[in-house]
Each structure stands twice: as C-alpha cells, then as structure tokens.
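Here's a quick briefing on how this chain packs together. Have the sequence and the coordinates open as you read.

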Amino acid sequence: MTDLSELDRGAAPGAADPVKVLLHRHRELCERAVDPLEIAAGLEAHGITDRTAARFRHRDVFSLAEELYARVPRDADAAGPAATPDAPAGGGDGRRSVTALLLPLLPGALCAASLAALTRTHGQMRLYAAAAGVLAVALALRAVLRRGPLAVPDGPAPRQATGPWICWLLAYAVLGDGLLRTAITGGPDGLPDGTADGDWPLTLAPLLALTLAVAPATWTAGLHLTRARRKLATSRGLEDFAASVRPVLLGAVALFLGALAALVALCAPLLDAEPVSPAVLALGALLFVARLLTVHGFTRAPRVILMFTAVAQLLAPATVFAARLPGCAALGAPVEALATAWGPAAVPVLTCGAGALTLLVHASRTLTRASAHLRPEQPR
C-alpha cells in the first residue's frame with residue numbers, strides 16, 4: 001500500500017508538480033488502465049481519498065485520475081486493435097449471449113428432472129437416480145459459477161474454501177429439520193429412506209427452489225455489476241459513489257429475495273411443502289450475499305460467516321443427542337425450547353438470517369467502494 005505520509009511530502013506546497021510524484025509511484029496502474037475510472041478505483045484501493053486528492057490540487061479522486069490518465073502517453077494506433085475483440089462478432093456473439101442467458105437455468109432444470117425421477121423409482125434404482133441427479137446438478141452449478149456475473153476472477157482467491165460449508169448448509173436444508181424434529185421425540189431409529197414420510201423425513205422443496213434461484217441470482221448479480229459501473233462513471237467523488245451505489249446493492253438483494261420467494265411458492269404445491277419458507281429465504285440471502293462478496297474479491301468474511309453458520313446448525317441436533325447422556329439434559333434444553341415454540345425451522349432461520357444480515361452490513365461497506373467494481377475479464 002502507498003505510504004500516505006510520503007505522498008503528503010510529495011504534495012507539499014513547495015513541490016513544483018505534486019501529481020508527477022503520484023504518477024511515478026503508480027505508473028504501472030496508469031499505463032495499463034483503459035479509462036480514468038480504473039485509475040480512480042486503483043488509487044482508492046491504495047488508500048487515496050478525496051481529502052488526499054485535495055493535497056494534489058484536485059477536488060476529488062476522479063479528477064485526479066483524469067489528469068493521471070491524460071498524462072500517460074498512449075499509442076492511438078495500439079488502441080484500435082485492442083478494441084476489436086470486444087466488438088460484436090455476428091452469430092458467435094449472439095450464441096454467447098444465448099448461452100449466458102440459458103446456462104443459469106440448467107441447475108434448476110436438472111434438479112427438477114432428478115426429483116421427478118426419484119418419484120418414479122424405488123429401491124436401488126432410487127439410489128442410482130439420486131446419485132446421478134446430484135452429480136448432474138453439481139456439474140451444472142460448476143459451469144454457472146465459472147463464467148458470467150457469479151464467476152470468481154482469476155487469482156489466488158480460495159474458491160474451494162467455502163465449498164464444504166455450503167454443502168453442509170444445503171444438506172441441513174434437506175435433512176436438518178426432519179432430524180431435529182425426530183431427535184426431540186427420541187429418534188431416529190434408522191437412516192433416511194428418501195421419503196417425506198419416513199422416520200427421518202426429507203424436505204426437497206428447498207433444494208429445488210434454491211437451484212431454480214441460480215438463474216435470478218446470476219441475472220441480478222449481473223444487473224448489480226452493470227448499474228454499479230454506471231454509477232462509477234457518473235459519480236464525481238468516492239463518497240458520492242458510495243451513497244449512490246448502496247441502494248443498488250440493497251435493491252439487488254431485495255430483487256433476488258422476491259424471485260426466491262416466488263420460486264418457493266411455486267415449488268411448494270409440487271412437493272407438499274409450506275408456501276412460505278423463511279428458512280429457505282434466509283439461506284438464499286446468505287448464499288447470494290456471500291457470493292457477491294466473493295465475486296468482488298472479499299473472500300474472508302463469507303468464508304468465516306458460512307463456517308460459523310454451518311457449525312451452529314451442526315451443534316443444534318448435536319446438543320439434543322448429547323442431552324441423552326446422564327447428567328447432560330440441560331445441553332439440549334435451549335434448542336428443544338426453540339423448536340417447541342417456533343418449530344425446527346427456527347434454527348436455520350436464526351443462523352442463516354444472522355449470517356446474511358452480518359454479510360449484508362459488511363457488503364454495504366465494502367461493495368460501495370469504487371475499487372470493488374474493477375474485475376478482470378471473465379472467461380467466455
């Protein structure tokens with residue numbers, strides 16, 4: 001990070017050209033930037049604020065970035081070919097657009113097909129159908145998360161670090177409520193049999209709703225990125241940009257939750273589930289905000305919050321089972337009281353809701369920075 005005290009010395013009144021000092025320190029950033037906005041975001045990432053820009057005789061970081069961009073010599077002939085690959089390429093570009101639009105629909109379609117196959121199979125064939133469905137949905141999700149608005153930029157970001165915790169949260173959405181309800185009544189006496197009426201019932205509606213929600217999550221994330229870039233182009237200061245882009249972030253989250261609620265209501269009659277599921281909405285909000293942060297390079301907070309949420313859900317049935325040990329009855333009392341008063345779904349509502357709210361507060365501070373909206377080109 002740039003030493004701001006050294007910048008201050010370079011911007012002292014006695015300095016003949018304070019901007020030249022800054023240009024020397026950030027020459028690589030200025031030379032590779034494609035527009036002044038990229039320089040402004042890069043300067044912000046190095047700790048330069050509008051107040052710092054005033055010491056360089058500019059009203060804000062954006063004005064300073066425009067001068068830095070103008071001072072860097074550029075070859076006009078080299079700029080032409082660089083723009084060529086982004087130009088429309090006829091049918092190929094149209095096919096990429098159609099693929100980007102339809103690919104997010106694939107996980108939900110495959111999940112629906114897998115659930116339909118489960119209802120028509122029995123015994124060992126049901127196990128094969130479930131395994132094939134899980135594999136197909138996982139591959140489709142991997143394809144969606146490797147390109148487009150939900151893709152993580154190339155770099156050292158630990159994209160695998162959150163995978164186990166997300167898998168646990170999804171597993172709890174399917175098995176957790178049934179296990180907790182059965183554990184409180186003294187069970188279970190066996191493993192789940194793949195039905196909603198067994199000793200350890202399964203709830204498949206959340207899984208179907210969440211996989212179908214991959215499509216609106218992708219489109220909403222793309223809308224958020226586009227609107228934020230437009231705000232960046234029209235803003236005249238870092239504070240101005242933060243104030244204008246924060247409603248865009250909150251609107252994107254609200255739009256996704258509205259789409260997810262509609263999908264839950266749509267899936268409920270098909271799978272004999274509740275038309276409104278706060279647990280699914282809380283989990284969906286948690287995963288969506290965590291992905292937004294990860295996509296923009298903020299990986300630590302999502303990883304920590306997802307881990308704590310998954311551990312909290314693991315401890316809920318674990319304390320109920322531990323309460324069966326001699327002298328440990330008090331361990332399961334809080335979870336049993338919560339489940340008795342509000343139902344087993346209260347556990348994921350509280351854990352996922354708290355995690356989603358924490359990440360949303362964090363996102364409202366980090367995703368409102370100009371530097372958060374500079375992303376490398378995604379693979380096509």
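This is a predicted model: local features need pLDDT of at least 70, side-chain atom pairs count only at pLDDT 80 or more; totals for chains, interfaces and linings use all residues.

**Nonpolar cores**
- The largest nonpolar core counts 41 residues, and L260, L286, L293, L359 and L367 are the ones touching the most other members.
- Helix α15 (residues 278-295) puts in the largest share of this core, with ten residues.
- Want to see what L286 is up to? Leaving aside neighbours within four places in sequence, L286 is in contact with L169, I305, L306, T309, C352, G355, A356 and L359.
- Another core of 26 residues lies apart from the largest one, and its members include L22, L23, I39 and A41.

**The α9/α10 pair**
- Helix α9 (residues 106-119) and helix α10 (residues 124-145) have axes that come within 9 Å and cross at roughly 175 degrees.
- Angles over 145 degrees count as roughly antiparallel, so α9 and α10 are roughly antiparallel to each other.
- On the α9 side, the contact is made by L106, P107, L110, C111, S114, A117 and L118.
- The α10 side brings R126, A129, A130, G133, A136, V137, A140, L141 and V144.
- Sorted by class, that contact has 13 nonpolar, two polar and one charged residues.

**L314**
- L314 is found in helix α16 (residues 300-322).
- With a relative accessible area of 44%, L314 is partly exposed.
- L314 and W168 are 146 residues apart along the chain, yet their C-alpha atoms are separated by 8.6 Å.

How values were computed: Residues are numbered from 1 along each chain as its sequence is written. Side-chain values use heavy atoms; hydrogens and water are left out. Helices (H or I, at least four residues) and strands (E, at least two) are DSSP runs, numbered from the N terminus. Buried means under 20% relative accessible area, exposed over 50%, partly exposed in between (1.4 Å probe, protein chains only). Axes are lines fitted to C-alpha atoms, for helices over the stretch in contact, and angles run from 0 to 180 degrees between N-to-C directions. Angles under 35 degrees count as roughly parallel, over 145 as roughly antiparallel, 65 to 115 as roughly perpendicular and the rest as oblique. Contact means heavy atoms within 4.5 Å. Ala, Val, Leu, Ile, Met, Phe, Trp, Tyr, Cys and Pro count as nonpolar, Asp, Glu, Lys and Arg as charged, and the others, Gly among them, as polar. A nonpolar core is a set of buried Ala, Val, Leu, Ile, Met, Phe, Trp, Tyr and Cys residues joined through side-chain atoms within 4.5 Å.
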